[in-house]
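Subject: Structure handover

Hello,

Here is the structure I promised to pass on. Please open it next to this email.

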Amino acid sequence: MKKVILILLVLLLTGCGNEEVTIKNPDGRALTYQYFSENKYDNSIYNLKLKDGNSIITIKKNNDDIYYEVIGDSTLILIEKGGYRYTLDTINKTYNASSITQSLNYAEGILPPSMDKLKNKSYKTGEDKINSFKYTYETYKFGDIKTTYYFDDKKLKFIKKESNTENFLYEVITFNQKVNDKDFEIPEDYQGMTY
């Protein structure tokens, strides 16, 4: 009798059914793949808005043009296009431009590198709580970065990015392909600065 009670107590404390499982050949059945397929994800055109603590992060991409914005205690806006990175100062309505040879991937470790790579990528899945709500998660390894997508049913709610130097949990506010050419233009009332 004591053994039965001890086994039940151990099961209660450790939990049952919340074990992590590795899926080796998903063939497009993963929640992550289905979510990004339904949203017609293309790693060359997207509009992503995330929340990280008190900061709102917006990343827009239209082929080679990139818009990156962080609004929190301070505001940072970067626009990359035509071989230049423009840093906008929203307080003084100024910007400076610097020549770049390669654009930065601001969504690295957040969005999948491509749908082809995601379709048959092995992953780990299970359930975990965030803010006392239980979510189904799928964890992928892309190079040195581990990315975990958290779902409430089929809706993507959180993305966790982990690397040797970063550990961020982002709340997903919006994700779609709606971008406008105006998103990548310097506002007309901004003055260029040279240093």
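What follows is a short tour of the cores, the strand pairs, the salt bridges and one arginine.

Some ground rules come before the findings. This is a predicted model, in which local features need pLDDT of at least 70, side-chain atom pairs count only at pLDDT 80 or more, and totals for chains, interfaces and linings use all residues. Residues are numbered from 1 along each chain as its sequence is written, and side-chain values use heavy atoms, with hydrogens and water left out. Helices (H or I, at least four residues) and strands (E, at least two) are DSSP runs, numbered from the N terminus.

**Cores**

The largest nonpolar core holds 31 residues. Such a core is a set of buried Ala, Val, Leu, Ile, Met, Phe, Trp, Tyr and Cys residues joined through side-chain atoms within 4.5 Å. Buried means under 20% relative accessible area, exposed over 50%, and partly exposed in between (1.4 Å probe, protein chains only). The residues with the most contacts inside this core are F36, I59, L111, Y149, L156 and F175. Helix 2 (residues 31-38) gives the most to it, with 4 residues. Contact here means heavy atoms within 4.5 Å. Another core, of 8 residues, lies apart from the largest one. Among its members are Y67, L88, I186 and Y190.

**Strand pairs**

Strand 10 (residues 145-152) and strand 11 (residues 155-162) run antiparallel, joined by 7 bridges. Two strands pair if DSSP finds at least two bridges between them. F151 stands opposite L156 in strand 11. The two strands make a hairpin with 2 residues between them, and D153 there takes a positive phi near 60 degrees. Strand 11 also pairs with strand 12, again antiparallel, over 5 bridges. I159 has Y170 of strand 12 as its bridge partner. This hairpin has 4 residues between its strands.

**Salt bridges**

How many salt bridges are there? The count comes to 6. The rule asks for a side-chain nitrogen of Lys or Arg within 4 Å of a carboxyl oxygen of Asp or Glu.

- D183 and K60 form one, with the closest N and O atoms 3.5 Å apart. The pair links distant parts of the chain, 123 residues apart: D183 is in the loop between strand 12 (167-176) and strand 13 (191-192), and K60 is in strand 3 (residues 55-62). K60 counts as buried, at 16% relative accessibility.
- D189 and K93 form another, at 2.9 Å between the closest N and O atoms. This pair also links distant parts of the chain, 96 residues apart: D189 is in the loop between strand 12 and strand 13, and K93 is in the loop between strand 6 and strand 7 (94-99). D189 is partly exposed at 44%, and K93 is partly exposed at 37%.
- E127 and K134 meet in a salt bridge at 3.8 Å, N to O. E127 is partly exposed at 35%, and so is K134 at 46%.

**One arginine**

Is R85 buried or exposed? R85 is buried, with a relative accessible area of 18%. R85 sits in strand 6 (residues 84-89). Its side chain makes a polar contact with the side chain of E80, at 2.7 Å. A polar contact is a pair of N or O atoms within 3.5 Å; within protein, one must be able to donate a hydrogen and the other to accept it, and residues adjacent in sequence count only if both atoms are side-chain atoms. Beyond four places in sequence, the contacts of R85 include L78, N96, I100 and Y106.

Best wishes
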